[in-house]
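Reader: I am new to protein models and would like to learn how to read one. Could you take me through it feature by feature?

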Amino acid sequence: MVAAGLGKVSFVEFLVARGAGLDSRTCRDVPRPEGGIILRMGSQAIHAAVHGGSPGVLYVLLRLGANPNAADDDGETPLMIACGDSTKDRFGFAMAS
């Protein structure tokens, strides 16, 4: 769900309310307009929220029932992604959510 990686809380809520699956996986890498990747192939919305550094989206996804232990195609969970990025304090926001 690209909206999760872009931090669009209300759009994430809109999509889920209309049937978007929280456990749906991407079938390809989704690039950011300014460079980099929003979603890697096999990722779920919760992975995108962590990659995007969006605590608001992460909170909404967890509230709506997203699995915080979901592994992507590389076997990484959202917490593993948060801990593995030294450029942002993603671990702190993931734990706070």
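Reader: Where do F11 and F14 lie?

Author: Helices here are DSSP runs of H or I with at least four residues, strands are runs of E with at least two, and both are numbered from the N terminus. F11 and F14 both sit in helix α2 (residues 9-17), three residues apart, which is about one turn of the helix. Before we go on, note that this is a predicted model: local features need pLDDT of at least 70, side-chain atom pairs count only at pLDDT 80 or more, and totals for chains, interfaces and linings use all residues. Residues are numbered from 1 along each chain as its sequence is written, and side-chain values use heavy atoms, with hydrogens and water left out.

Reader: How do I describe two aromatic rings, and how many aromatic pairs does a search of the whole structure find?

Author: A pair of aromatic rings is described by the distance of the centres and the angle of the planes. Rings of Phe, Tyr and Trp (its six-membered ring) pair if their centres lie within 6.5 Å; planes under 30 degrees apart count as stacked, over 60 as edge-to-face and the rest as tilted. Searching the whole structure gives one aromatic pair. The ring centres of F11 and F14 are 5.9 Å apart and the planes are at 10°, so this pair is stacked.

Reader: What is the pattern of the protein chain along the sequence?

Author: The protein chain has six helices and two strands, and reading along the sequence gives α-α-β-β-α-α-α-α. Of its 97 residues, 39% are buried.

Reader: Which residues of α3 are buried?

Author: Seven of the eight residues of α3 are buried, so this helix is mostly covered. They are A45, I46, H47, A48, A49, V50 and H51. After α3 comes G53, with a positive phi near 70°.

Reader: Let's take one of them. What does H47 touch?

Author: H47 lies in helix α3 (residues 45-52) and counts as buried because its relative accessibility is 0%. A contact means heavy atoms within 4.5 Å. Not counting residues up to four places away in sequence, H47 touches A70, A71, D72, E76, T77, P78 and I81.

Reader: Which backbone oxygens does the side chain of H47 reach?

Author: A polar contact is a pair of N or O atoms within 3.5 Å; within protein, one must be able to donate a hydrogen and the other to accept it, and residues adjacent in sequence count only if both atoms are side-chain atoms. A polar atom of the H47 side chain lies 3.0 Å from the backbone oxygen of A70. The side chain of H47 also reaches the backbone oxygen of E76, at 3.2 Å.

Reader: Which residues of helix α4 are buried?

Author: In helix α4 (residues 55-63), the buried residues are V57, L58, V60 and L61. Seen down the axis of α4, they fall within an arc of 165° (taken from the directions from the helix axis to the C-beta atoms), so they line one face of the helix. Just after α4, G65 takes a positive phi of about 110°.

Reader: What is M1 in contact with?

Author: M1 lies in the segment before α1 (2-5) and is buried, with a relative accessible area of 16%. Leaving aside neighbours within four places in sequence, its contacts are V12, L15, V16, A20, L39, A45 and A48.

Note on methods
Buried < 20%, exposed > 50% of the residue type's maximum accessible area, 1.4 Å probe, protein only.
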